[in-house]
Amino acid sequence: MVLAYIGIAIGILLVIILIVKLSKTHPREVAGLDTRCKRCGTETNGTSCPKCAKESQSFGV
């Protein structure tokens with residue numbers, strides 16, 4: 001019976017933590033995807049940036 005009380009207490013604690021996280025998350029943030037490129041700031045909506053992808057990654061060769 002004590003284990004059931006411990007399980008209920010842990011479940012309630014987890015629910016409270018998730019509700020707090022939900023209330024602090026911005027409503028336009030979708031699954032943690034960035035809508036802007038970190039380098040140039042162009043709006044990408046979570047896809048790769050077309051401006052930064054054109055730059056060659058050939059190590060100067």
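**Entry 1: the whole chain.** I began with the reminder that this is a predicted model. I then looked for secondary structure and found two helices and zero strands in the protein chain. Next I asked how much of the chain is buried: of its 61 residues, 8% count as buried. The chain exposes about 5800 Å², and carbon and sulfur atoms supply 66% of that area.

**Entry 2: valine 2.** I looked up where valine 2 sits, and its place is in helix α1, which covers residues 2–24. Is valine 2 buried or exposed? Its relative accessibility is 59%, and the cut-off for exposed is over 50%, so valine 2 counts as exposed. I also found Val2 in a nonpolar surface patch of about 710 Å².

**Entry 3: lysine 51.** I moved on to helix α2, residues 50–53, where lysine 51 lies. Lysine 51 is exposed because its relative accessible area is 55%, and exposed means over 50%. Which residues does lysine 51 touch, leaving out those up to four places away in sequence? I found Cys40 and Thr42. I checked the spacing to cysteine 40 too: lysine 51 and cysteine 40 are eleven residues apart in sequence and 8.1 Å apart in space, C-alpha to C-alpha.

Technical notes:
Residues are numbered from 1 along each chain as its sequence is written. This is a predicted model: local features need pLDDT of at least 70, side-chain atom pairs count only at pLDDT 80 or more; totals for chains, interfaces and linings use all residues. Side-chain values use heavy atoms; hydrogens and water are left out. Patches are made of residues with over 30% relative accessible area and no salt bridge: like charges are joined within 9 Å, nonpolar side chains (Val, Leu, Ile, Met, Phe, Trp, Tyr) within 5 Å. Accessible areas come from the Shrake-Rupley method with a 1.4 Å probe; for residues, only the protein chains shown count as cover. A salt bridge is a side-chain nitrogen of Lys or Arg within 4 Å of a carboxyl oxygen of Asp or Glu. Helices (H or I, at least four residues) and strands (E, at least two) are DSSP runs, numbered from the N terminus. Buried means under 20% relative accessible area, exposed over 50%, partly exposed in between (1.4 Å probe, protein chains only). Contact means heavy atoms within 4.5 Å.
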